[in-house]
Amino acid sequence: MIIEIDDGSGFCFGVTTAIKKAEEELAKGEKLYCLGDIVHNGMECDRLRDMGLITINHDEMRQLHNAKVLLRAHGEPPETYELARKNNIEIIDATCPVVLKLQKRIKEQYDENNDRQIVIFGKKGHAEVLGLVGQTQSKAIVIESSDEVTKLDFSRDIYLYSQTTKSLDEFNSIIEYIKAHISPDATFKSFDTICRSVANRMPNISTFATKHDLILFVCGRKSSNGKVLYNECLRVNPNSHLVEDPNEIDPSWLEGIRSVGICGATSTPRWLMEQCSEAIQNMQK
């Protein structure tokens with residue numbers, strides 16, 4: 001049986017940087033907190049927890065004083081930085097540069113004219129989206145899919161942005177709908193803020209999935225981009241399965257299979273995909 005791990009899968013730049021910063025701080029032997037899961041992958045979170053990383057939520061951060069807190073790649077709203085200042089918390093900022101740039105653009109647009117509709121195509125409640133909405137004093141409108149675009153007020157100016165890991169095709173369909181319905185008296189501007197290192201994975205993973213009899217997509221079930229990429233695998237290769245770890249691999253999937261492709265999300269560590277490869281090899285013995 002041929003087993004191939006997709007070279008294009010695994011941590012994106014932002015996640016790699018955040019984990020490296022966490023490891024560097026933990027190596028100093030100091031107590032380090034992380035605001036939210038550093039990555040949407042349970043096994044990688046467990047590995048860092050074993051190294052000493054303590055994951056906290058926003059309520060727990062409010063109780064902290066004189067501590068060190070890492071902000072993950074997703075980014076945070078201004079309120080988090082203000083809380084850190086008040087509580088004398090040292091921030092280790094691992095916000096992805098792509099996300100930071102997007103936050104800055106949205107804040108500038110809002111400060112320039114807070115009467116326009118700032119619309120974010122993204123997942124409601126997602127950490128990155130909360131950080132983006134926070135740049136507008138929580139006034140930005142979040143739409144999760146092209147179906148929700150109808151709730152916008154087409155008589156008013158619309159400035160459209162996207163969560164960095166969303167589908168480029170769906171973003172473009174939202175743009176076309178707004179263009180077709182916006183009032184001639186209103187201004188519409190769209191800003192393509194989708195991260196290309198993530199967007200480019202879609203065609204690449206589609207090609208990869210067609211090369212194999214069976215696809216194992218290794219991913220934490222909380223991962224937003226993981227769901228998008230897995231659904232693309234499923235679309236081109238119905239014999240695709242999502243697993244969080246090697247223990248979820250069903251040996252019956254391998255019956256009559258000549259080649260297995262292993263791929264994953266931007267939150268999937270390479271070592272976890274390698275463990276899945278080893279598990280399949282052991283099942284063949």
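The legends below describe several close-up views of a predicted model.

Residues are numbered from 1 along each chain as its sequence is written, and side-chain values use heavy atoms, with hydrogens and water left out. Because the model is predicted, local features need pLDDT of at least 70 and side-chain atom pairs count only at pLDDT 80 or more, whereas totals for chains, interfaces and linings use all residues.

**View 1. The largest nonpolar core.**
A nonpolar core is a set of buried Ala, Val, Leu, Ile, Met, Phe, Trp, Tyr and Cys residues joined through side-chain atoms within 4.5 Å. Buried means under 20% relative accessible area, exposed means over 50%, and partly exposed lies in between (1.4 Å probe, protein chains only). The largest core has 17 residues, of which L152, I158, L160, I174, I178 and F188 touch the most other members. Two or more residues each are given to this core by β6 (117-121), β8 (158-162) and α7 (168-181); the helices (H or I, at least four residues) and strands (E, at least two) are DSSP runs, numbered from the N terminus. Helix α7 provides the largest share, 4 residues. Leaving aside residues up to four places away in sequence, L160 touches V119, F171, I174, I175, I178, F188, K189, S190 and F191, where contact means heavy atoms within 4.5 Å. Another core, of 16 residues, lies apart from this one and includes A18, I19, I38 and L70.

**View 2**
In β8, 5 of the 5 residues are buried. I158, L160 and S162 point one way from the strand, while Y159 and Y161 point the other way. In a regular strand the side chains alternate between the two faces of the sheet. Strands β6 and β8 pair in the parallel sense over 5 bridges; pairing requires that DSSP finds at least two bridges between two strands. Across this pairing, V119 has L160 as its bridge partner. Strand β8 also pairs in the parallel sense with β9 (residues 188-190), over 3 bridges, and Y159 stands opposite K189 in β9. From β8 the chain crosses through α7 to β9 in a right-handed β-α-β crossover. A crossover is called right-handed if, with the strands pointing away from the viewer, the path from the first strand over the helix to the second runs clockwise.

Helix α1 (residues 13-27) has 15 residues and reaches 21 Å from its first C-alpha to its last, close to the 21 Å expected at 1.5 Å a residue. The expected span is 1.5 Å times one less than the number of residues. Buried in α1 are G14, V15, A18, I19, A22, E25 and L26. These residues lie on the same side of α1 because they cover an arc of only 125° around the axis, the arc being that of the directions from the helix axis to the C-beta atoms. The face turned away from this buried side carries the exposed residues F13, K20 and A27. Among the elements covering the buried residues of α1 are β2 (32-35), α2 (42-51), β3 (53-56), β4 (68-71) and β5 (90-93). Just after the helix, G29 takes a positive phi of about 80°.

**View 2. Helix α4 and its surroundings.**
In helix α4 (residues 78-86), the buried residues are T80, L83 and A84. Their arc around the axis is only 100°, so they lie on the same side of α4. They pack against β2, α3 (58-62), β4 and β5. Exposed residues R85 and K86 are carried on the face turned away from the buried side. N88, which follows α4, has a positive phi near 55°.

**View 5**
Strand β10 (residues 214-218) is largely enclosed by the rest of the structure, because 5 of its 5 residues are buried. L214, L216 and V218 point one way, and I215 and F217 the other way. Strands β10 and β12 (residues 259-264) run parallel and are joined by 5 bridges, with L214 opposite V260. A parallel pairing over 4 bridges links β10 to β11 (residues 240-243), in which L242 is the bridge partner of F217. Together with helix α10 (residues 224-236), β10 and β11 make a right-handed β-α-β unit.

Most residues other than glycine have a negative phi. Q137, although not a glycine, has a positive phi of about 55°, and S138 has a positive phi near 65°. Q137 counts as exposed at 57% relative accessibility, and S138 is exposed with a relative accessible area of 57%.
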